[in-house]
Amino acid sequence: MTSNEILDFLKHNKLFHGFSAHQFLRVTGVAREVHFPAGEIIIQEMDISDNLFLIQEGEVEVTKWDEETHRTYRLANLGIQDIIGEISILDSTPRSATVRAVTPVTVIAFSTQQLLSLSEEQTAHPFYYHMV
């Protein structure tokens, strides 16, 4: 995917609603495209990670392990334009659920640190307000 295609994709995501042209250029500069085959774990519950992902193509399943019942429960299926991994930006705790690719998945990935530094530079638009 080209930088222009990533830019167009980001312009349609609620996370970046209201960004200026300059802000879009900055955020596009730190975005990276990542591919996951069907069945691969994208996020593992209880892992420490600093990535946020925007689903560009495909479908993922979000599950949570219940220590009491010793069972895994499906919480949601997510797809194009959905955000995964956002809780790590808000509270810096281990991953709260597992996310697995149901189909081949392409995501636009951002490091939490990169997004937070962009947000601090652009105090007129702290993007994380769109996640809550």
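**Labels and their cut-offs**

Author: Strand S4, residues 60-66, pairs with S7 in the antiparallel sense over four bridges. This is a predicted model, in which local features need pLDDT of at least 70 and side-chain atom pairs count only at pLDDT 80 or more, while totals for chains, interfaces and linings use all residues. Residues are numbered from 1 along each chain as its sequence is written, and side-chain values use heavy atoms, with hydrogens and water left out.

Reader: What makes S4 and S7 a pair of strands?

Author: Two strands pair if DSSP finds at least two bridges between them, and strands themselves are DSSP runs of E with at least two residues, just as helices are runs of H or I with at least four, numbered from the N terminus. S4 and S7 have four bridges, so they meet the criterion; within this pairing, Glu 61 stands opposite Arg 100 in S7.

Reader: How do you know that strand S2 is paired with strand S7?

Author: Strand S2 (residues 41-43) and strand S7 (residues 98-101) run antiparallel and are joined by two bridges, and because the definition asks for at least two, they count as paired. Arg 100 in S7 is the bridge partner of Ile 41.

Reader: Why are S1 and S6 called edge strands?

Author: Four strands form an open sheet in the order S1-S8-S3-S6, with antiparallel pairing, and its edge strands are S1 (32-36) and S6 (83-84), each of which pairs on one side only. S1 pairs with strand S8 (residues 105-111) over five bridges, and Glu 33 stands opposite Ile 108 in S8.

Reader: What does Asn 13 touch?

Author: Taking contact as heavy atoms within 4.5 Å, and not counting residues up to four places away in sequence, Asn 13 touches Leu 54, Gln 81 and Ile 83.

Reader: What makes the phi of His 70 worth a remark?

Author: Most residues other than glycine have a negative phi. His 70 is not a glycine, yet has a positive phi of about 55°.
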